[in-house]
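Please keep the sequence and the structure in view while reading.

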Amino acid sequence: MPLTTSNVSITPQSSWTLVATNPNYLQIRNRTSRPWQLGVTAAAAPTSETAVLTFAPQQQEDGHLFVKATASVGVFYIRVLEDGPSGETTQFGLLIDV
């Protein structure tokens, strides 16, 4: 299947946002400097921190980007940890092959 692109705008109040299920390729790019998390589970949204990776763009050189270049079995979710200025949403760009 060809790669598809999409954009997601979320706030901390959005909680976990589903971005992909069983992707062959997944790229997630945070378009801000706000911290965010990626959770991967077998089915539902993450319920514990053991299935979560935290990205902090202001502290990590590669904190804006997550790439999974091999086929994966699982459900991929993202969430943000803080509001933007004046309650702005956090923008993510997705590149997916499912």
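The sections below take up the basis of the model, the sheet, the core and the aromatic pairs.

## Basis of the model

This is a predicted model, in which local features need pLDDT of at least 70 and side-chain atom pairs count only at pLDDT 80 or more, while totals for chains, interfaces and linings use all residues. Residues are numbered from 1 along each chain as its sequence is written, and side-chain values use heavy atoms, with hydrogens and water left out.

## The open sheet

Four strands, in the order β2-β7-β4-β5, make up an open sheet with antiparallel pairing; strands are DSSP runs (E, at least two residues) numbered from the N terminus, and two of them pair if DSSP finds at least two bridges between them. The edges are taken by β2 and β5 (52–55), each of which has a single partner strand, so one side of each is left without a neighbour in the sheet. From one strand to the next the twist averages 25 degrees, with axes being lines fitted to C-alpha atoms and angles running from 0 to 180 degrees between N-to-C directions.

Between β4 and β5 the antiparallel pairing extends over four bridges, and glutamine 37 stands opposite threonine 54 in β5.

Not counting residues up to four places away in sequence, leucine 38 touches a set of residues including Trp16, Ile28, Val52, Phe55, Phe66 and Ile78, where contact means heavy atoms within 4.5 Å.

## Aromatic pairs

Three aromatic pairs are found in a search of the whole structure; rings of Phe, Tyr and Trp (its six-membered ring) pair if their centres lie within 6.5 Å, and planes under 30 degrees apart count as stacked, over 60 as edge-to-face and the rest as tilted. Tryptophan 36 and phenylalanine 55 are stacked, at 4.3 Å centre to centre and 15 degrees between the planes. Because tryptophan 36 lies in strand β4 and phenylalanine 55 in strand β5, this pair ties together parts that are 19 residues apart in sequence.

Tryptophan 36 also forms an edge-to-face pair with phenylalanine 92, at 5.2 Å centre to centre and 70 degrees between the planes; phenylalanine 92 lies in strand β8, so the pair ties together parts that are 56 residues apart in sequence. Tryptophan 36 counts as buried at 0% relative accessibility, as does phenylalanine 55 at 10%, buried meaning under 20% relative accessible area, exposed over 50% and partly exposed in between (1.4 Å probe, protein chains only). Ring pairs link Trp36, Phe55, Phe66 and Phe92 into a cluster.
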